[in-house]
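Dear colleague,

I am passing the structure below on to you, together with some notes on what turned up when I went through it. Please read them with the model open beside you.

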Amino acid sequence: MGLDLKKIYNGSTKGSLLVAVILLGLPLVFSTNNYLLSTLIMIGFYTIVSTGLTLLMGYAGQISLGQAAFYGIGAYTSAYFTTHFGLSPWLAMIVGAILAAMVAFVIGIPAFRLREHYLALATLGFGVIVFTFFKEWKEITGGLNGFFGIPPISLFGITIQTDFQFYYLVWVFALIGILFARNIVQSRIGRALLSIHGSEIAANSLGVNITKYKLQMFMISAIYAAVAGSLYAHYVTFINPQLFEMITSIYFLIMVVIGGAGSVWGGLIGAAVYVCLGELLKEIVPLFIPNAGGEFEIVFFGILLVIMLIYMPNGLSRSVPKIVKRLLPAWHRKNESMLVSENENASSIGGERL
Amino acid sequence: MDIWNQFVQLFFSGLTVGSIYALVALGFVITYSITGILNLSQGDFAMLGALICISFVNSGFPFVIAILLSVVLVMIIGGLFERSAIHPARYSSTATLIIITIGAAFVFRGIAIFVWGTQPYALRPFTGNDSLQIFGAVIQTQNIWAIGISLVSLAVLYFFFNKTYMGKAVTACVVNPFAARLMGIQPLKMSFGAIVISAGLGALAGIIIAPISGASYDMGVMIGLKAFIAAVIGGLTNAPAAIAGAFIIGILEAFTEGYFSSGYKDAISFGLLLLVLFFMPNGIFAKASGKRV
């Protein structure tokens, strides 16, 4: 599963590089606008989580309704080990990732023997249980009062404190995450997963160990979430259980559905659209409904979720290349291989219904 | 004697909550059996039922009429939900359909916020604040109403599914949709019917619990999830087992709350869910069958 550089540089480099350059250049343009930078940083956290979830949903065909639990495990592990044991944030992040992977392993072994809606249920139950522990295990988590004083992360002796610095940290992680996801998808595991998607029985008879691959994807998606959680904890330096409620898991799910689970870019697109729409709603709705709180968001995203699933079940990541294709025919021709390999193979969420 | 009193008290509150879960869990089982969908917005029908009923009562409707009207209204909402969200997506994957019901739950909750706001409401008990002495424990009459109405509704449904033509047609769709279609039964209409009935059951559950624990826009979440656990414990397609599961969950929760800590109440129910899923995925009442796919 190591990074196969040849495959990454194969064919589709230009599109990816373009995205990378845009992302890394953005703060140079907006460096004075802290609101915009912090919004972009939030998109970065969500991109990491939803890229992991995209792998699980789009390629392994499984849904997880408990991803916020892994996000929280990463955050609380970072918080606890850095403040109580003085561990370096980087080491704490690794501990969090390992812990999340181990928990995913323990939950995944029995859960992946179940059919898909039972897995959804099992992860949902798991999420509620973990949330309860975040809330009740006060000696470790600080309970509902939250966890204060998480130290910031530092790199090469520089403490990363400003939004400008943190932007680069989180987006380097996000891009590595996307690159890694691409690598998985185009590797042996990705092909095995696609065969599972096509027909579990056929894949099984060809000797593909279905459970093993699904379990691996679940663990990888847990690591993505935990790393994002760790980064988040070191960014805000204060966390509380409400951040990791079931609703957060569902927001992650919404991002994946909006972005489309059939492409590794789906997570980024979904996270960006989700955060931007959310911010836009905060600006627009009060103009029409003066007393509206934050609740209108859930109605909006609920309706959006239903409409997306009915009319655009493959999400934006499949529609965007089509639009690009129409606007930029020359650019597209060079990158045809990328679009084909990414968008034609994996289907949206879960297998076709029999 | 105090220990005994507390035990009876907790047992009755467990039975009350269990009967609420039973009504909603039955909705799950009916919907799942006929459509193959886990409707995660099921609990929100209870919330809508309770809040609509409170509005009717507050605007001067007689109690019984208010209850009937709100049940019917929620059934209409359920029907609209089926036509607008489930029917157009009926060929999607199971996972997609589950997520659609999550989206619907969001929409219901959001509508409730727009209409009723986020503050909790109270409904007056059906027959005043009297209480009964049973084995030395003080039991509110509303608890007796809750248990009684649930049991009567469950009996009516049993009669419906086993004795009437319509009910048998529904059962036929569950057993073998293809054969049912050959016999002139339309499974698609049944899907509509299933969700409408489930919505009605949910609404009734919400109205019954409203005088005991109040009603607010987010009350459906936990009712729905607990009923869900009950249905899974029962095996998802077995109605009597789901009802038994609901009472188990209700009583387990009441005792956890009474003897241990209310904070871990949810974790214990969901822990039970995971244990059942992992070790007895066909439900704890399933007989070992030799069937393997």
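About 3,800 Å² is buried between chain A and chain B in this predicted model, and carbon and sulfur atoms give 79% of that area. The elements of chain A that each give two or more residues to the side touching chain B are helix H5 (89-111), helix H6 (116-136), helix H12 (246-259) and helix H14 (296-311), and the largest share, 14 residues, comes from H6(A).

In terms of contacts, 46 residues of chain A meet 49 residues of chain B.

As for confidence, chain A averages a pLDDT of 77, with 81% of its residues scoring at least 70. Over residues 1-11 of chain A, however, the pLDDT is below 50, and this stretch has 17 contacts in the model beyond near neighbours in sequence. Residues 337-348 of chain A also stay under 50, and for these the model has 34 contacts beyond four places in sequence. Where pLDDT is low, the predicted coordinates should not be read in detail, so I would ask you to keep that caution in mind when you look at both stretches.

With best wishes

Definitions and conventions. Residues are numbered from 1 along each chain as its sequence is written. Chains are lettered from A and ligands numbered from 1 in the order in which they are written. This is a predicted model: local features need pLDDT of at least 70, side-chain atom pairs count only at pLDDT 80 or more; totals for chains, interfaces and linings use all residues. Side-chain values use heavy atoms; hydrogens and water are left out. Contact means heavy atoms within 4.5 Å. Buried area is the accessible area (1.4 Å probe) that two parts lose on being put together, summed over both. Helices (H or I, at least four residues) and strands (E, at least two) are DSSP runs, numbered from the N terminus. pLDDT is the predictor's confidence in each residue, from 0 to 100.
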